[in-house]
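Here is a short report for a reader new to this structure. Start with the strands, then turn to the rings.

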Amino acid sequence: MSIIETITDVDNTFLSRRELTCNFAGLGGKLKSLEAVDMISKEFKLDGKVVIPMRLKTHVGKSHVTGTFYVYDDEGLAKKHVNPTIFSRLEKIKAKLAEAQAAETPAEEAPTEEVKEEKEE
């Protein structure tokens with residue numbers, strides 16, 4: 001049994017987007033929006049498309065999360081249709097992740113540089 005259960009998969013030709021609504025089983029309170037986007041992209045093979053998490057809703061007394069996602073072919077069209085606040089929130093999250101990865105990487109690389117300098121002397 002898959003973690004992702006598709007509830008609806010609608011091709012909205014009027015707005016040129018695909019609207020997905022899925023249940024994520026057993027991930028109540030643990031699922032983050034970018035993780036959900038990665039899972040959806042892998043499950044539905046959406047490489048090269050813009051996937052926007054519109055809503056992640058947890059259910060009281062249940063361990064599943066219902067997510068609504070919009071899938072666009074063109075990022076410009078997505079920015080035209082979707083509220084800019086959603087994009088700013090996604091950019092904030094991506095910036096925090098990049099900052100956390102940058103903080104981890106120099107800490108690991110620093111000792112190797114010091115060893116190289118000692119060998120040269």
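Seven bridges join strand β2, residues 17–24, to strand β4, residues 65–72. The two run antiparallel. Within this pairing, E19 stands opposite Y70 of β4.

The model is a predicted one. Its β2 and β4 belong to an open sheet of four strands. The order is β1-β2-β4-β3, and the pairing is antiparallel. At the edges lie β1 (4–12) and β3 (50–58), each pairing on one side only. From one strand to the next, the twist averages 15°.

A helix joins the picture. Helix α1, residues 33–44, packs on the sheet. The helix touches β1, β2, β3 and β4. Its direction makes about 110° with that of β2.

Now the rings. The count of aromatic pairs comes to one. The partners are F24 and F69, with ring centres 6.1 Å apart and planes at 75°. Planes over 60 degrees apart count as edge-to-face, so this pair is edge-to-face. F24 lies in β2 and F69 in β4, so the pair ties together parts that are 45 residues apart in sequence. F24 is buried, and F69 is buried too.

| Charged residue | Ring | Distance from ring centre |
|---|---|---|
| R17 | Y70 | 3.8 Å |
| K79 | F87 | 5.8 Å |

Key:
Residues numbered from 1 in each chain as written. Predicted model: local features only at pLDDT ≥ 70, side-chain atom pairs only at ≥ 80, totals over all residues. Heavy atoms only, no water. Pairing = 2+ DSSP bridges. Axes fitted to C-alpha atoms, helices over the stretch in contact; angles between N-to-C directions. Contact = heavy atoms within 4.5 Å. Phe/Tyr/Trp six-rings, centres within 6.5 Å; stacked < 30°, edge-to-face > 60°. Buried < 20%, exposed > 50% of the residue type's maximum accessible area, 1.4 Å probe, protein only. Lys NZ or Arg CZ within 6 Å of the ring centre and 35° of its normal.
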